[in-house]
Amino acid sequence: MKLAQRVSALTPSTTLAITAKAKELKEQGHDVIGLGAGEPDFNTPQYIIDAAVRSMEEGHTKYTPSGGLPALKKAVIEKFKEDQGLDYAPSEIIVGTGAKHILYTLFQALLDEADEVIIPTPYWVSYPEQVKLAGGEPVYVEGLESNDFKITAEQLEAVITPKTKAVIINSPSNPTGSLYSKEELKQLGDVCLKHDILIVSDEIYEKLVYGEVTHTSIAEVSDEFKRQTVVVNGVSKSHSMTGWRIGYAAGPAELIKAMTNLASHSTSNPTTSAQYGAIAAYTEDDGSVEVMRSAFEDRLNKVYVKLVAIPGVSCVKPKGAFYLFPNVSEAAKLNGYDDVDKWVEALLAEEKVALVPGSGFGAPHNVRLSYATSLEALEEALIRIERFVRAKT
Ligand code: PLP
């Protein structure tokens, strides 16, 4: 069968590839530790599950408006008001089937052939593919490791062309855990205002921030910034609801309307009971978001010191999300590998630890380790990685 060009050009997800290999080894009876997961290891809080079950029992089992239940939009609006002091109207909100599909719909609604979208590296694997699927061109800007993997306003301005339509800011970032300060966001936003570029602010890890720092949404810097920004967020990471598929966007009404029209012909609506669960998530907080956040922070602090003690490994300490993104190029060299991807494969084959190679995120010297797994498994994984590096040095 001759498939469409648009799918043959897709790059398969590196995260999924390593997970599949790890699974295969597990099925063969090997004791594999997988650190590839992009989701919290906690179950969804019970009050959310109860609300979803109740909604079904009460007969809420039919279609909803394409852009989401009015009550959920209201809960999202209140969340923005409370967390960021931002005021949105219902016409400026769309709820969709996860932040991933919200982003997909956004690029479909925004981009014409050859429009450019600036993507800072290291990036979340789906951004370039989603831009390309919408006919757009990803333009990469390197977030230097020496600048905590963040891009500067000068770097941003240097790649802007007449075809630039948008820039993606992901703070806290997957895969690096970096967080932009309010001042840094202001500098980036000023460039976007000057050139009239839409800011796509992916804030899915907003609630997972550690230490003294706090999360700032670029939309809250000023009213002008808010008008120039579409914020993407969801409950997957904050409330451990990855399987529920609820995400949303807040932004210019014209864009939100176009996205809602697209949704009406693609998803119809996000799953009804999941929307009721999400309403509960935002209106009946029982403290579990903070319990999960502090468990991640505890793991990060314990694991980070052990990780950077491994020969040839250096790591910018993350400020958010649940990933570590160490540079392992020296460790790989100690083991005789110039290519970190090959080192990752050898580590999996010999020590049965699955990491995600950074090449898929546009950072070939790094690897991604998720600490959304038990401390016990993390500590054992680090013992194995250290043993692997030292065995051949
Ligand atoms: N954005 C980033 C940076 C992510 O890491 C993810 C999930 O891995 C998403 C968006 C999508 O989240 P979801 O579709 O589960 O809401």
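Seven strands make up an open sheet with mixed pairing, in the order S2-S8-S7-S6-S5-S3-S4, where two strands pair if DSSP finds at least two bridges between them. Strands (E, at least two residues) and helices (H or I, at least four residues) are DSSP runs that are numbered from the N terminus. This is a predicted model, in which local features need pLDDT of at least 70 and side-chain atom pairs count only at pLDDT 80 or more, while totals for chains, interfaces and linings use all residues. Residues are numbered from 1 along each chain as its sequence is written.

- Strand S7 (residues 229-234) is largely enclosed by the rest of the structure, because six of its six residues are buried; a residue is buried if 20 or more other C-beta atoms lie within 10 Å of its own, exposed if 12 or fewer, and partly exposed in between, with C-beta atoms placed from the backbone.
- Both faces of S7 are covered, with Thr 229, Val 231 and Asn 233 buried on one side and Val 230, Val 232 and Gly 234 buried on the other.
- Helix H10 (residues 253-266) lies across S2, S7 and S8 and runs at about 30° to S2.

**The three-stranded sheet**

- Three strands form an open sheet in the order S9-S12-S11, and their pairing is antiparallel.
- The edge strands here are S9 (323-324) and S11 (356-357), each pairing on one side only.
- Two bridges join S9 to strand S12 (residues 367-370), the two running antiparallel, and the bridge partner of Leu 324 in S12 is Leu 369.

**Helices H5 and H6**

- Two packed helices are described by the angle between their axes and the distance between the axes.
- Helix H5 (residues 99-110) packs against helix H6 (residues 126-133) at an angle of about 35°, and their axes are 8 Å apart.
- The residues that meet are Lys 100, Leu 103, Tyr 104 and Phe 107 in H5 and Ser 126, Gln 130 and Val 131 in H6, contact being counted if the C-beta atoms of two residues, placed from the backbone, lie within 7 Å.
- By class, the contact of H5 with H6 has four nonpolar, two polar and one charged residues, where Ala, Val, Leu, Ile, Met, Phe, Trp, Tyr, Cys and Pro count as nonpolar, Asp, Glu, Lys and Arg as charged, and the others, Gly among them, as polar.

**The ligand surroundings**

- Of the 13 residues around the ligand, those that come nearest are Gly 98, Ala 99, Lys 100, Asn 174 and Ser 236; a residue is near a molecule or strand if its C-beta atom, placed from the backbone, lies within 6 Å of it.
- The shell around the ligand has, by class, three nonpolar, eight polar and two charged residues.

**Individual residues and loops**

- The loop between strand S5 (164-170) and H8 holds Pro 172, and the peptide bond that leads from Ser 171 to Pro 172 is cis, with omega near -5°.
- Pro 175 is also found in the loop between S5 and H8, and the peptide bond from Asn 174 to Pro 175 is cis, with omega near 20°.
- Phe 149, in the loop between S4 and helix H7 (153-158), has a phi near 65°, a positive value in a residue other than glycine, and counts as buried because 23 other C-beta atoms lie within 10 Å.
- Lys 186 lies in helix H8 (residues 182-195) and counts as partly exposed, with 16 C-beta neighbours inside 10 Å.

Definitions and conventions:
Axes fitted to C-alpha atoms, helices over the stretch in contact; angles between N-to-C directions.
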